[in-house]
Amino acid sequence: MGEAMELQVVTELLQSQPKLRSRIARRIRNAYRYDTAFWRSAVAGPWGAGMFAFGLLALGMPTGLGTAVDLLLFLLAGTLGLYLTAHVAALLLALIGVPIPRLFTGAVVFDFAAVFVIFNYNEVSPAAAAVVAGIISLAGIAAGLLGGTLASRRLRLRHKAAAALMAALLVAAAAIWPFAAGHDSAVPAFQGAQSAGMQEAGDVDGDAGLSIGGDADGASAAAVPSLADQLDSPAEPGPYEVSTLTYGSGNDAWQPEYGEAVDVTSEAVDASAYIKKWSVYRTAYWGFNQRALPLNGRVWIPVAAEGSTDAVDQSRFPLVLIVHGNHLMEDFSDDGYAYLGELLASRGFIAVSVDENFLNYSVWTGIPDNDMQVRAWILLKHLQQIGDFAAEPGNPLYGKIDFTRIGLAGHSRGGQAVAMAADYKDWFGDDAELMHSLASCRIEAVAAIAPTDRKVDGKFTQLKDVSYLTLQGARDGDVSDFDGDRQYMRTSYSQGGGRFKASLYIGDANHSQFNSSWGGRDVSYPKGILLSRDGMLSPTEQRSIAKVYLSAFFEETLHGGGPGRFLPLLQDYRAGLAWLPDTAYYNRFESGAFTAWARYDEDSNRITLPGGGKAEASALSWREEDAKNRQNGGKPSRGIVLERRQNGDGDKPSVYALTWEHGAPLPAGGKLEELAFSLTDRSFELEDDDTPDAALASGTLTLEVELTDGNGTSVRLPLAGFMDTEPLPVTSFTIHPWLDRHLSGGKYKHPTEAVFQTYRLSLADFAAADPDFAPDTGIRGLSFRLSGGSAKLMLDDIGVY
């Protein structure tokens, strides 16, 4: 009986196999039965959405063959991928027997999967990548339905025309969007405390911290004399005409100005002592390796116009080298500072934009090892090469350069490289040949635009007696921390010297727009499409700030007749507001004439002060700690944190007092003119739970400064009588605040950072308030008096001029 049943089962299975094969074959033959003309036309929608993502990928992964070629290659690859995926999906759905338009469904599945992988690979979190993929896929579905409708014979012609126009506008918007960021636009320059980003960050009042008010009578800040009443803007062209030339290897296959059209041929340099990792692809692309790096530069030279009486008659000009940062290797960067080169040359500087594109990152080959040190080394080799040009009769630079007046300007990694180059004896002291050739060179000034500040060989650059300027945008999506502030803190001066350091933090400036070739977004595509540009300064506005400050800085530090003219601008941005676009600014300044009363770096004792002084406080908590950046990383300087909280004591003031029994340290000349200190608001500093503590900004704070002279006479004045304070900029980096936490490992999740502002208070104003106050008798006490609200402040670099 059992054998008969087994035989029957086997027989039935054998009989069913032809039926199963037949059913599978029939389903495969009918795989596209649901893909009617409507749905076949609708596939154009998912195709367009997918190609939008692949187009962004092409922009972010240039091959060097040109944008048109890159787009063609990536769109072809995307189209092939979508075609294969759609057909494979159609067959699988047919085998399962799902009754839906299968090609269209397969195309949508491809869109979602491809977009997810593209964005997730580009440091977008899985959750955010899924959201972006979903949005793009839904857009493709909607466009597909629109396309299918257009192809329908039932739709009237006028309706088709309207739908076609809508489709064309959507396609045009998608094509233009990635490129629109690089153009000027009429947008509000500064949203400040009222920005939507702050509302999302959790501040119900929209203020990024406290508002430092005046006294009960409402003191307002004293007016600062405008330099525009005395001087033309340093961003205006000077009296010289400008001639240009390029020098380079003569063999550059990508940039003719360094190849067949080069004006002066330079020597290649061997960097193999520093670079060990140089890929075969990089050699194939550039035509050289690390043993033969070219010295390429764009040069702007001042020329006295015939008959001009404005130009200063001088045979030798100061030299300024400008160097870019780490942009994509295939998208050349060195031509992006022509606006600075032309301006500086018109004002009597020989300016050179240095080409270091071959050291930059490539998606295809990475970045050479030790690139940071080589960037600085290449700058010094340019100085060496230019020195040879200047000593060569018949060369366009022959006898035209004063090598005792050299300035360096760098952007991003170039901003760190110029500091390293200025400190070359520490970094390259064992290179005897280089040291010998630079013996007659004096690097007097360094300007860094949004610089990086990374440890190299286990150390950082320590600048000594070199004037330093750094600019940073609060909307910088690349170097999002104010790293230039770190180098500012590590720059020091001999007592009584004339050199100085200054910084400027700019509310609505980003990273890329300081270079005219980098476009408007700070990170490459496709991730760059997620960064917001609402309320950002236009490219022209942002570069106008660089022109004003770099021109003023080099006029002040390198021109013999310049010192003193533009120093007020570098000390206080308000002196130049007539030359600057409307946004929020914060600046620090210190010179060798500064005599410190409190630095907080000398020890960990919060009570002791230089010169035998001591500190004490009442009705507040106070402690010394490191300054912090946006990512809560430490900066190389300590300060005193004063934290006041309103309690049951009503409006009892909080006081932080510094006293000296025998008087505070005096400047070398003995005369006291100005009190100076740096102050930052940390009321909205992010706590451990990464949420702003709104309780620390529950009201308006009044901060008063009290000085006591050697005779015991005290005068107290409101800080607001000297300078109004702006709330710190609050940045929403991305197109939606939720994305701030989901890009680049949460790099953008901190909406603000503590930025110091230098306050300079004239002692003459204290004397005017009380004729008995006599600063010539010395200062025995300095107090900071806080009242009216909760606050968390940090003080540093307290002293006098």
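In this predicted model, Asp371 has a relative accessibility of 7% and therefore counts as buried, the cut-off being under 20%. Its side chain meets that of Arg413 in a salt bridge, with 2.9 Å from N to O. Arg413 likewise counts as buried, at 12% relative accessibility. Asp371 belongs to helix H11 (residues 371-390) and Arg413 to helix H12 (residues 413-422), so the bridge ties together parts that are 42 residues apart in sequence. Asn370 is placed in the loop between strand S6 (350-354) and H11. The phi angle of Asn370 is near 60°, a positive value in a residue other than glycine. Most residues other than glycine have a negative phi. With a relative accessibility of 28%, Asn370 counts as partly exposed.

The structure holds 31 salt bridges. One of them joins Arg442 to Glu444, with the closest N and O atoms 2.9 Å apart. Arg442 is partly exposed, its relative accessible area being 44%, whereas Glu444 counts as buried at 12% relative accessibility. Another salt bridge is formed between the side chains of Arg645 and Glu643, at 3.0 Å from N to O. Here Arg645 is partly exposed, with a relative accessible area of 44%, and Glu643, at 13% relative accessibility, counts as buried.

Salt bridges also link Asp485, Arg588, Glu590, Arg599, Lys635 and Asp797 in a network. Asp797, a member of this network, lies in strand S23 (residues 791-800). The relative accessible area of Asp797 is 9%, so this residue is buried. Asp797 also has a positive phi, near 50°, in a residue other than glycine.

Helix H3 (residues 44-60) has 17 residues, which should span 24 Å at 1.5 Å a residue; the end C-alpha atoms are 24 Å apart, in agreement with that expectation. The helix is mostly covered, with 14 of its 17 residues buried. Helix H6 (residues 126-151) has 26 residues and reaches 37 Å from its first C-alpha to its last, close to the 38 Å expected at 1.5 Å a residue. The buried residues of H6 are Ala128, Ala129, Val132, Ala133, Gly134, Ile136, Ser137, Gly140, Gly144, Leu146 and Gly148.

The axes of H3 and H6 come within 6 Å and cross at roughly 145°. The crossing is right-handed. On the H3 side, the contact is made by Gly45, Pro46, Ala49 and Phe52, and on the H6 side by Ile136, Gly140, Ala143 and Gly144. These contact residues divide into 5 nonpolar, 3 polar and no charged. Among the contact residues of H6, Ile136, Gly140 and Gly144 are included in the buried set of that helix. In an α-helix, residues three or four places apart point the same way, because there are 3.6 residues a turn.

Phe38 is found in helix H2 (residues 37-42). With a relative accessible area of 28%, Phe38 is partly exposed. Leaving aside neighbours within four places in sequence, Phe38 is in contact with Leu145, Gly148 and Thr149. The C-alpha atoms of Phe38 and Leu150 are separated by 9.0 Å, although the two residues are 112 residues apart along the chain. Gly148, one of the contacts of Phe38, is among the buried residues of H6.

A further helix pair is formed by H10 (residues 338-346) and H16 (residues 539-558), which pack at an angle of about 40° with their axes 10 Å apart. The crossing of H10 and H16 is right-handed. H10 contributes Tyr339, Leu340, Leu343 and Leu344 to the contact, while H16 contributes Arg543, Ala546, Lys547, Leu550, Ser551 and Phe554. The residues of this contact divide into 7 nonpolar, 1 polar and 2 charged.

Pro526 is located in the loop between strand S10 (500-506) and H16. The peptide bond joining Tyr525 and Pro526 is cis, with omega about 5°. Most peptide bonds are trans.

Methods:
Residues numbered from 1 in each chain as written. Predicted model: local features only at pLDDT ≥ 70, side-chain atom pairs only at ≥ 80, totals over all residues. Heavy atoms only, no water. Axes fitted to C-alpha atoms, helices over the stretch in contact; angles between N-to-C directions. Helix = DSSP H or I, 4+ residues; strand = E, 2+ residues; numbered from the N terminus. Left-handed = near helix turned anticlockwise from the far one by under 90°. Contact = heavy atoms within 4.5 Å. Nonpolar A, V, L, I, M, F, W, Y, C, P; charged D, E, K, R; others polar. Expected span 1.5 Å × (residues − 1). Buried < 20%, exposed > 50% of the residue type's maximum accessible area, 1.4 Å probe, protein only. Salt bridge = Lys/Arg side-chain N within 4 Å of Asp/Glu carboxyl O.
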